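Please keep the sequence and the coordinates in view while reading.

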Amino acid sequence: MKRYPRILFYILAIVGGVVLFWFLKQVFSGHIIVNGTLLKFGPFQIRWYGVLIVTGILLAYTIAKHRAMREGVKEDDLLGALFWGVVSGIVCARLYYVVFNWEYYSRHLDEIFKTWHGGLAIHGAILGAVLSTFLYTRFKKDVSFSFMQGLDLFTSVLPLAQALGRWGNFFNYEAYGTPTDLPWKMFVPPEYRMIGYERFEYFHPTFLYESLWDLLVFYLVFNYTRRYRKRFGETTALYFILYSLGRYFIEGLRLDSLYLGRVRTAQLMSILLMCLGIAMFFIFRKWGERVPDGIRKVDENAQKAGEGKGSGK
């Protein structure tokens with residue numbers, strides 16, 4: 001009887017995968033045109049972009065909470081860090097986007113605060129969350145986790161939230177790449193095509209590339225945290241390396257990149273974060289705050305319990 005829920009899960013996953021594949025094929029071919037607005041009540045709109053970002057945050061928090069409880073982190077501390085991390089992340093994501101797109105916003109100052117028109121940069125969000133975590137652990141009294149422990153919790157689930165959030169770009173027909181004739185090419189309606197590319201119909205679905213890469217990064221980083229991490233900070237370093245590696249190459253295909261001179265800012269940040277991540281990994285692996293034996297023991301027991309279920313024991 002215990003096998004039935006797992007079999008049902010696999011069946012639902014297969015059916016869901018087939019439906020998603022069919023839906024994407026129809027959208028990518030142009031037979032279905034998606035709408036970025038989920039619901040509309042007069043002037044009030046609920047957009048897919050916002051719904052998917054919020055869903056990603058909640059899903060990531062649920063997983064992080066389970067992990068945090070194992071590490072002895074108080075739920076109130078985790079909620080507080082999440083709140084300020086989201087606020088700081090949104091503010092810094094917008095600030096980053098505006099600064100590197102100042103030529104436009106200097107002539108349209110009223111657009112700076114209109115985030116619903118688009119314009120949030122993930123690198124700004126990451127920097128904002130890192131800053132808020134540092135300030136939270138620095139100034140909150142009796143906080144139940146250290147700065148690097150908090151960052152590890154954050155970065156172990158962040159790529160999952162990113163993977164889901166990228167589908168907001170899909171519904172907005174944005175963050176796509178250069179024109180292509182590859183079998184998985186994506187149709188972009190004329191009104192969403194970048195200036196200079198109006199005559200092209202099909203483009204690289206770079207949102208999908210990054211979403212899939214983020215899922216892989218989540219799998220690798222989260223499992224590394226459970227199985228191999230010895231000191232706090234290793235998870236964060238590994239996330240910086242892996243996410244930045246994929247983002248660097250995917251960014252090279254995109255048509256909507258922000259630039260610093262002739263350099264794509266996302267590629268520059270990716271190089272900097274990869275270098276930082278490599279240095280951090282070796283430094284923290286040797287001199288970082290050691291993960292308490294109790295936490296590692298809990299992880300080992302959970303891993304063994306999972307392997308036991310998988311083998312039918």
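Which residue in S2 does Leu39 stand opposite? The residue is Ile46. The model is predicted, so local features need pLDDT of at least 70 and side-chain atom pairs count only at pLDDT 80 or more, while totals for chains, interfaces and linings use all residues. Residues are numbered from 1 along each chain as its sequence is written, and side-chain values use heavy atoms, with hydrogens and water left out.

Helices (H or I, at least four residues) and strands (E, at least two) are DSSP runs, numbered from the N terminus. Strand S1 covers residues 37–41 and strand S2 residues 44–47, and the two pair in the antiparallel sense over 4 bridges; pairing requires that DSSP finds at least two bridges between the strands. The hairpin of S1 and S2 has 2 residues between the strands, and Gly42 takes a positive phi near 65° there.

Positive phi values also occur at residues other than glycine. Asp142 has a phi near 55° and lies in the loop between H5 and H6. Ala175 likewise has a positive phi, of about 55°, and is found in the loop between H7 and strand S3 (186–187). Is each of these residues buried or exposed? Buried denotes under 20% relative accessible area and exposed over 50%, with partly exposed in between (1.4 Å probe, protein chains only). Asp142 counts as exposed because its relative accessibility is 69%, whereas Ala175 counts as buried because its value is 5%.

Leu153 lies in helix H6 (residues 147–165) and is buried, because its relative accessible area is 4%. Contact here means heavy atoms within 4.5 Å. Leaving aside neighbours within four places in sequence, Leu153 is in contact with Ala64, Arg67, Ala68, Glu71, Val73 and Leu78. The C-alpha atoms of Leu153 and Ala129 are separated by 12 Å, the two residues being 24 residues apart along the chain. Gly80, in helix H3 (residues 75–99), is buried with a relative accessible area of 17%.

Attention now turns to the aromatic rings. Rings of Phe, Tyr and Trp (its six-membered ring) pair if their centres lie within 6.5 Å; planes under 30 degrees apart count as stacked, over 60 as edge-to-face and the rest as tilted. By this rule the count comes to 26 aromatic pairs. Why does the pair of Trp167 and Phe207 count as edge-to-face? The ring centres of Trp167 and Phe207 are 5.0 Å apart and their planes stand at 80°, so the pair falls in that class. This pair links distant parts of the chain, since Trp167 is in helix H7 (residues 167–172) and Phe207 in helix H8 (residues 206–227), 40 residues apart. Both Trp167 and Phe207 are buried. A contrasting geometry is found in Tyr239 and Tyr243, whose rings are stacked at 5.6 Å centre to centre with 5° between the planes. Tyr239 and Tyr243 are 4 residues apart in helix H9 (residues 234–251) and are therefore separated by about one helical turn. Both of these tyrosines, Tyr239 and Tyr243, are buried.

Ring pairs also link Phe23, Phe28, Trp48, Trp167, Phe170, Phe171 and Phe207 into a cluster. Ser211 is placed in helix H8 and counts as buried because its relative accessibility is 3%.

Helix H5 (residues 122–139) and H9 pack at an angle of about 170°, with their axes 13 Å apart. Axes are lines fitted to C-alpha atoms, for helices over the stretch in contact, and angles run from 0 to 180 degrees between N-to-C directions. Angles under 35 degrees count as roughly parallel, over 145 as roughly antiparallel, 65 to 115 as roughly perpendicular and the rest as oblique; H5 and H9 are therefore roughly antiparallel to each other. Ile122, His123 and Ile126 in H5 meet Tyr239, Phe240, Tyr243 and Arg247 in H9.
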